[in-house]
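Here is a friendly walk through one model, going from strands to cores to charged pairs. Have a look at the sequence and the coordinates first.

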Amino acid sequence: SNKALDMQSLLFKESSIFVQRNLSVNPLKSFKHRHIFISNHSKAQTTSSSSYSGNNKMSGDEVLVTITNKVALVTLNRPKVLNAVNQAIVEHLLIHMTDWNMPDSNVDCIIVQGAGGKAFSAGGDVKDCVLKSRSGDTAGPLAFFRAEYTANRVIAESHVPYIALIDNIVMGGGVGLSVHGHFRVATERTVFAMPEVSIGLFPDIGASHFLHRLTGHLGRYLAITGARLSGPEVKESGLATHLLPSSSLPELIRRIQSLPPGRAADLAVLADVLDSMELEFPMPASSQSVDPMSDRGFFGSDLSWKLPLINQHFSVSSVAAVLDSLEAAIADTALAAADPRGHTFLKDTLNLLRKSSALSQRVAWEGLLRGRHATLASTLESEYQMTHKFVHNHGDFWEGVRAVLIDKDNKPMWKYASARDVPDAVVDAFFFPIPGVSLFSDTAPMPPVHQRHLHPVRSYSSIQAPSAAATAAAAR
């Protein structure tokens with residue numbers, strides 16, 4: 001509708017203004033660089049390597065862009081830190097996404113991947129945020145979160161198809177650069193998590209908007225435990241739209257780049273290409289999905305037996321009630337004998353809860369409750385307000401990052417020993433708006449045509465036969 005198009009135009013105009021006024025990139029240099037793409041649109045391939053001036057110094061390009069036949073291949077290029085998302089990355093993405101959503105853009109489709117073969121992105125660079133905050137510079141971290149959340153919304157409302165190849169580790173801020181896009185392609189190596197509670201933060205990047213939309217109470221489980229999902233589990237949960245062997249990703253990129261002019265801009269065509277590749281490159285039933293961050297391996301998807309247990313113990317009214325439910329089940333010797341696998345899973349779940357920040361668990365739980373009927377834009381607005389309080393050390397953020405990433409003693413001194421001890425008033429205070437603080441000039445609902453609906457749980461083996469378009473796409 002015209003109203004939806006007007007809203008979308010307003011967002012990208014707002015994003016352009018944000019880029020020019022707020023980012024540490026030299027805006028004149030950045031927007032001058034845009035004309036390199038336009039003047040070379042007739043060439044088969046154009047490569048972009050943006051550079052910084054001013055305060056941000058880069059040892060190398062942190063976002064690499066190659067355009068082939070109007071398909072932009074974006075590579076997050078910080079492999080030494082598992083492509084951790086920093087301000088440089090989100091600023092460059094904002095500039096490019098704003099450009100590519102303009103009427104004169106020469107980009108039909110965007111594919112995003114991580115460099116180094118170990119991670120799409122392991123999350124935001126929270127170590128840098130806390131080091132700056134502790135030294136008195138809270139403006140820097142808040143500028144990062146502001147740019148990051150703006151990028152999350154721009155990705156979600158992009159009319160240019162956005163495909164994230166979430167091979168290997170994808171956590172926290174990396175999830176924000178993938179889950180809001182049109183297509184998310186997991187592999188047998190994918191390891192997904194929203195582990196913010198383990199560092200005293202809360203699941204942000206719009207998590208309270210998308211986690212509670214997952215089947216059953218899986219979103220609550222992921223939010224307050226920080227538990228990991230394997231690639232097949234990510235697909236089955238709907239967090240990924242497709243599941244492919246990691247070895248097939250270069251072929252996927254090649255096929256999309258080889259589509260006839262204009263076809264890569266068509267979501268239906270891209271869906272057919274992805275669906276046909278799932279059929280052509282099936283995941284063997286016994287395929288092992290290995291967690292690169294531990295010695296543990298995953299075989300297929302365990303959600304079929306985990307989900308009933310998650311629903312049973314996370315359907316209660318509070319985090320304290322979750323603890324009560326888990327403790328009672330673990331103490332049941334008859335249950336342990338009848339279902340040792342399930343009993344072990346519940347013990348592992350309780351251990352995760354006991355290790356992470358009780359305050360963050362309560363804030364995450366409350367965020368999910370409040371975000372049930374919120375738009376992504378209003379969710380990000382609320383999260384930005386909450387982030388101010390964590391950055392100013394009103395939560396466990398400083399201490400969690402100190403223990404896990406700075407001193408690395410893994411012995412955080414949380415403000416509260418258990419979620420049962422956290423006063424309701426303390427939790428509520430995180431959701432009070434801060435006068436004069438705003439992320440967006442409006443938090444209107446996203447145009448319905450661009451909303452991302454997560455798939456219900458379904459096995460990758462249940463995909464229907466490809467359409468004629470899919471068969472033709474596979475043959476090209």
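## Strand S8 and its neighbours

Let's begin with a pairing: S8 and strand S11 (residues 242-243) run in the parallel sense, joined over 2 bridges. Strands here are DSSP E runs of at least two residues and helices are H or I runs of at least four, both numbered from the N terminus; two strands pair if DSSP finds at least two bridges between them. Within S11, leucine 243 is the bridge partner of alanine 186. S8 also pairs with strand S6 (residues 162-166), again in the parallel sense, over 4 bridges. There, isoleucine 163 stands opposite phenylalanine 183 of S8.

Which way do the side chains of S8 point? In S8 (residues 183-186), Phe183 and Val185 point one way, while Arg184 and Ala186 point the other way, and all are buried. Buried means under 20% relative accessible area, exposed means over 50%, and partly exposed lies in between (1.4 Å probe, protein chains only). In a regular strand, side chains alternate between the two faces of the sheet.

## How the model is read

This is a predicted model, in which local features need pLDDT of at least 70 and side-chain atom pairs count only at pLDDT 80 or more, while totals for chains, interfaces and linings use all residues. Residues are numbered from 1 along each chain as its sequence is written, and side-chain values use heavy atoms, with hydrogens and water left out.

## Nonpolar cores

A nonpolar core is a set of buried Ala, Val, Leu, Ile, Met, Phe, Trp, Tyr and Cys residues joined through side-chain atoms within 4.5 Å. The largest one has 99 residues, and the members touching the most others are Trp100, Ile110, Leu177, Phe192, Leu222, Leu239 and Phe397. Helix H5 (residues 139-156) gives the most to this core, with 9 residues. Apart from it lies another core of 21 residues, among them Leu244, Leu252, Ile256 and Ala271.

What does isoleucine 110 touch? Leaving out residues up to four places away in sequence, its contacts (heavy atoms within 4.5 Å) include Ala72, Val74, Met97, Trp100 and Ile163.

## Helix H17

Because 14 of its 16 residues are buried, H17 is largely enclosed by the rest of the structure. Asparagine 393 follows H17 and has a positive phi, near 70 degrees.

## Salt bridges

The structure holds 20 salt bridges, each a side-chain nitrogen of Lys or Arg within 4 Å of a carboxyl oxygen of Asp or Glu. Arginine 78 takes part in a salt bridge with glutamate 62 (3.7 Å, N to O). Arginine 78 lies in the loop between strand S3 (71-76) and helix H3 (87-100) and glutamate 62 in the loop between strand S1 (45-49) and strand S2 (63-68), so this pair ties together parts 16 residues apart in sequence. Both residues are buried. Aspartate 125 also forms a salt bridge with arginine 78, with the closest N and O atoms 3.5 Å apart.

In helix H16 (residues 358-370), glutamate 366 and arginine 370 are 4 residues apart, about one turn of the helix. Their side chains meet in a salt bridge (2.8 Å, N to O). Arginine 370 is partly exposed, with a relative accessible area of 44%.
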